[in-house]
Amino acid sequence: MQAKPGVKYNGGQPSSFSNAVWDVHVNLPQQAENASVSIAGDMIGQLRLWEAFIELDTWAGSFRIPAGQIGIDAAAGQFGRGVRLSEMTVSFEISMGRKERDALLTGAAGAGRYLLLSEPVGFAVTVSCGDQKMKPEDLQAIELALPLPDGLEQDRAINVLMLDRKGSVRLLPARRISRSGRTMAAAKGAGDGIFVLACKRGKR
């Protein structure tokens, strides 16, 4: 699906200007396990100038990334001289299937150190120009929010377990927030990877 200003897609619609910041919200259907949202490179360039954030909402959680973090101008330089932003596309991929769960269970969580409290969600950003593709580096300003399961104790310490694309596992401290009528756990400092709510076994 292509995200364009003023055009609805999957029930979502870009918001209007607010304090020179434009947030793009994309709502994905609950039935989908995998989804990809593509935004034209020249639009990413404009959103960067407006210091905008791009937010993708799904039934399994949401991801919020500053448009400037994507590094669209640097990517254009890597694709070759004279490449215009309008020739490029930025794709945001969200996946919630068996592959993500298996990857986590065979790693640190599978070793018994962590108790998983939600279904794993994968998130990836890809910049493309024709047949060429690249992954932006240092996407450390992404904020994610994952829904908390019903019945979870209020005093339970919550973290987000992250498996990055290099295979390293990190724990991101999370805080409880309320969003769209749901209680969620929000964490900052994420990037490309697979995410799941977790706590250390035996600790509260």
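# A walk through a predicted structure

In helix H2, which spans residues 72-79, the residues Ile 72, Ala 75, Ala 76 and Phe 79 are buried. Viewed down the axis of H2, the buried residues fall within an arc of 105°, so they line one face of the helix. The model is a predicted one. On the other side of H2, Gly 77 and Gln 78 are exposed. What do the buried residues of H2 pack against? Their partners are helix H1, strand E6 (89-95), strand E8 and strand E9 (132-134). Just after H2 comes Gly 80, with a positive phi of about 130°.

Ser 128 is found in strand E8, and Phe 79 is among the residues in contact with Ser 128. Leaving aside neighbours within four places in sequence, Ser 128 also touches Glu 87, Met 88, Thr 89 and Lys 133. Is Ser 128 buried or exposed? Its relative accessibility is 14%, and because buried means under 20%, Ser 128 counts as buried.

Glu 87, one of the contacts of Ser 128, also takes part in a salt bridge with Arg 84. The closest N and O atoms of Glu 87 and Arg 84 are 3.9 Å apart. Glu 87 is partly exposed, with a relative accessible area of 36%, while Arg 84 counts as exposed at 54%. Side chains of opposite charge can pair when their charged atoms come close. A search of the whole structure finds 5 salt bridges, and two others are described below.

The next stop is a pair of strands. Strand E4 covers residues 53-58 and is mostly covered, with 5 of its 6 residues buried. Strand E5 covers residues 61-66 and pairs with E4 in the antiparallel sense, over 6 bridges. A hairpin joins E4 to E5 through 2 residues. Which residue of E5 is the bridge partner of Leu 56? That partner is Phe 63. In a regular strand the side chains alternate between the two faces of the sheet.

Ala 52 belongs to the loop between helix H1 (41-49) and E4. Ala 52 counts as buried, at 2% relative accessibility. The C-alpha atoms of Ala 52 and Ile 65 are separated by 8.8 Å, and the two residues are 13 residues apart along the chain.

Arg 64 has two partners to look at. With Glu 55, the side chain of Arg 64 meets in a salt bridge of 3.4 Å, N to O. The two ends of this salt bridge can be compared by their accessibility. Glu 55 is buried, with a relative accessible area of 7%, whereas Arg 64 counts as partly exposed at 22%.

The structure holds 2 aromatic pairs. In one of them, the rings of Phe 63 and Phe 123 have their centres 4.3 Å apart and their planes at 5°, so this pair is stacked. The pair links distant parts of the chain, since Phe 63 lies in strand E5 and Phe 123 in strand E8 (residues 121-129), 60 residues apart. Are Phe 63 and Phe 123 buried or exposed? Both Phe 63 and Phe 123 are buried. Together with Phe 195, Phe 63 and Phe 123 form one aromatic cluster.

Glu 143 forms a salt bridge with Arg 175, and the closest N and O atoms are 3.5 Å apart. Glu 143 lies in strand E10 (residues 142-147) and Arg 175 in strand E13 (residues 175-179), so the pair ties together parts that are 32 residues apart in sequence. Glu 143 is buried, with a relative accessible area of 16%, and Arg 175 counts as partly exposed at 41%.

Methods: Residues are numbered from 1 along each chain as its sequence is written. This is a predicted model: local features need pLDDT of at least 70, side-chain atom pairs count only at pLDDT 80 or more; totals for chains, interfaces and linings use all residues. Side-chain values use heavy atoms; hydrogens and water are left out. Buried means under 20% relative accessible area, exposed over 50%, partly exposed in between (1.4 Å probe, protein chains only). Helices (H or I, at least four residues) and strands (E, at least two) are DSSP runs, numbered from the N terminus. Two strands pair if DSSP finds at least two bridges between them. A salt bridge is a side-chain nitrogen of Lys or Arg within 4 Å of a carboxyl oxygen of Asp or Glu. Rings of Phe, Tyr and Trp (its six-membered ring) pair if their centres lie within 6.5 Å; planes under 30 degrees apart count as stacked, over 60 as edge-to-face and the rest as tilted. The arc is that of the directions from the helix axis to the C-beta atoms. Contact means heavy atoms within 4.5 Å.
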